[in-house]
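Here's a quick tour of how this chain packs on the inside, and of the gaps left in that packing. Have your viewer open and follow along.

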Amino acid sequence: ALLSILQYVHDIPRIKIMLPELKVDKDGVSDNESKVDSGVPEVPVPADDTPEVLNKALSGLSSRWKNWWVRGILTLAMISFFFFIIYLGPMVLMMIVLCVQIKCFQEIITIGYSVYHSYHLPWFRTLSWYFLLCVNYFFYGETVTDYFFTLVQREEPLRILSKYHRFISFALYLTGFCMFVLSLVKKHYRLQFYMFGWTHVTLLIVVTQSHLIIHNLFEGMIWFIVPISCVICNDIMAYMFGFFFGRTPLIKLSPKKTWEGFIGGFFSTIVFGIMLSYVMAGYRYFVCPVEFNNDSNSFQVDCEPSELFQLQDYALPGILESVTGWTTVRLYPFQIHSIALSSFASIVGPFGGFFASGFKRAFKIKDFANTIPGHGGIMDRFDCQYLMATFVNVYIASFIRGPNPSKVIQQLLALRADQQLHIFNSLKAHLTEKGLLPALEEAAA
C-alpha cells in the first residue's frame, strides 16, 4: 500500500500535464462547461485596423481616450461623406443604400460561415448570395414597375419582364430552394436548416428594410435625411453624455450604455430634429417627391410644396405662453412630425443596437467586422437605421401618404380602350350625380 501511494505521488506531475487546463470564470463556470453549454465555436477576433497615422498621433493617450479620438475623427469623416452623397442626388443615394445592404449582408453571412466553417457545409455561401440576388430582383423589379411605369411600357423587353415579374421572381427562388434540398447531407441536416434560416432572417432584416429606405426616399429626400440624421445624432450625443457623465448602467447587453447617455441623447435628438426639419422644409429639393421625368429620362425634384412644408401659426399652451410671452409660434407642420421621428430614434431606435449587441454576444464577437476603425463594421452603424426605416415607412403610410393621382392615371393608361371608356363613363356619371360636372362645364365656358 505504501509503495502504491509513493507511485501515485510520483505520477502527479504527469497527470497534470495530460489533463487540460480548466479556467473558471467569476460565475464559477469553467471554459469547457461554457463551450458545452453554448455549442457555438467562437468567431476569430479581427486585428486592430486603426490607421498607422492615428496610432502614432495618439500613442501617448490611454486606450479610453484613444478610442474616443478615433471614433470622433472617423465620425466626422462619415458625416462629411453623407453630406457629399446628398449633394450628388437621389440616384447616388439609392446606389449607396444598395451597397450598404450588400455589405451588411456579407458581414452577417461571414459570421455564420466563420462559426460553422469546420463543417464544410455544401453550397452555403453560394446559396446565400443567390437568395440575395433573387430577393433584390423581386424588390427592385417592383420598384421599377411602380415608379418607372411609363418607361417600362415604352420598352418591349421591360414590359414583358414587368408583366411576368412575380412569376419570374418565384421561379428564381424556387430554383434556389430546390438547390438547397439537393445539397442536404445526412450528417448535417440540422445544421444546414439552421443556416437556411440564418440566411432568410438576414434577408428579412437587411434587404427588406433597405428597400423601405428607398421607398422613403421617393416620398422626398427629407423623409430619408431627417430620420437617418436623428439616429446619427442620438448615437453621437448618447456616446458623449455617457462618456463624460455616465454612471448608471442601462442594459446588461451593452455594459457601456448608461441612463445618462440615453436621456441626454433623447433631449439632444428632439432639439436637433426640430432644427434640422426647419432648415430643410424651406427647400423644394428636399421636400418634393423624387419622380422620374420621362422626357429627360432622369430624376427630378420639383413641385409645389404641400401644406406639410408651409409655415403655419400655432397657438401656444398657457404654460408656455406665460414663460415665453408668445401667444403663437410659426412652424412647419413637418416639424411636429419630426418630434415623433426623433422620439422613435432616441427611445426605440437603440433597441436595434441592443438586438445587435445580443447577437454579437451570442457569438462572442465585439463587432460585425472591422471595416471602420473605432466603429466596427457597416452593420454596427446601421443596426438602428434599419429599424428606423421601417418605422418611417409605416408612419408615412399611416399618417402622411394619400392617393397619388399620377399613379392612378398610369394604371388607367395600361388598361384596354374599352376598360378606359367604361371607367370614363362611370366617373362622368359620378361627377354629374354630385353636381360637379356641370360646374366644371360652366367654368370652362
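## The nonpolar core

The largest nonpolar core has 77 residues, and the members touching the most others are Ile222, Trp223 and Phe224. A core here is a set of buried Ala, Val, Leu, Ile, Met, Phe, Trp, Tyr and Cys residues joined through side-chain atoms within 4.5 Å. Helix α10 (residues 189-218) gives this core its largest share, 11 residues. Helices are DSSP runs of H or I with at least four residues, numbered from the N terminus.

Phe224 is in contact (heavy atoms within 4.5 Å) with Phe82, Leu93, Val97, Ile213 and Leu217, once neighbours within four places in sequence are set aside.

A word on provenance: this is a predicted model, where local features need pLDDT of at least 70 and side-chain atom pairs count only at pLDDT 80 or more, while totals for chains, interfaces and linings use all residues. Numbering starts from 1 along each chain as its sequence is written, and side-chain values use heavy atoms, with hydrogens and water left out.

## Cavities

Rolling a probe the size of a water molecule over the atoms shows where empty space is left. A cavity is a set of points, on a 1 Å grid over the protein atoms alone, where a 1.4 Å probe fits but cannot get out; lining residues have an atom within 4 Å of a point. Three cavities of 30 Å³ or more turn up, with volume taken as the space filled by probe spheres set on grid points joined across faces, edges and corners.

## Two single residues

Ser277 sits in helix α12 (residues 259-280). Is Ser277 buried or exposed? Ser277 counts as buried because its relative accessibility is 0%, the cut-offs being under 20% for buried, over 50% for exposed and partly exposed in between (1.4 Å probe, protein chains only). Not counting residues up to four places away in sequence, Ser277 touches Val226, Phe334, Gln335 and Ser338.

Lys364 is in the loop between α16 (350-362) and α17 (378-400). Though not a glycine, Lys364 has a positive phi of about 55°. At 34% relative accessibility, Lys364 is partly exposed.

Terms used:
Helix = DSSP H or I, 4+ residues; strand = E, 2+ residues; numbered from the N terminus. 1 Å grid on protein atoms, 1.4 Å probe; cavity = no way out; pocket = protein on both sides within 12 Å on 5 of 7 lines; lining within 4 Å.
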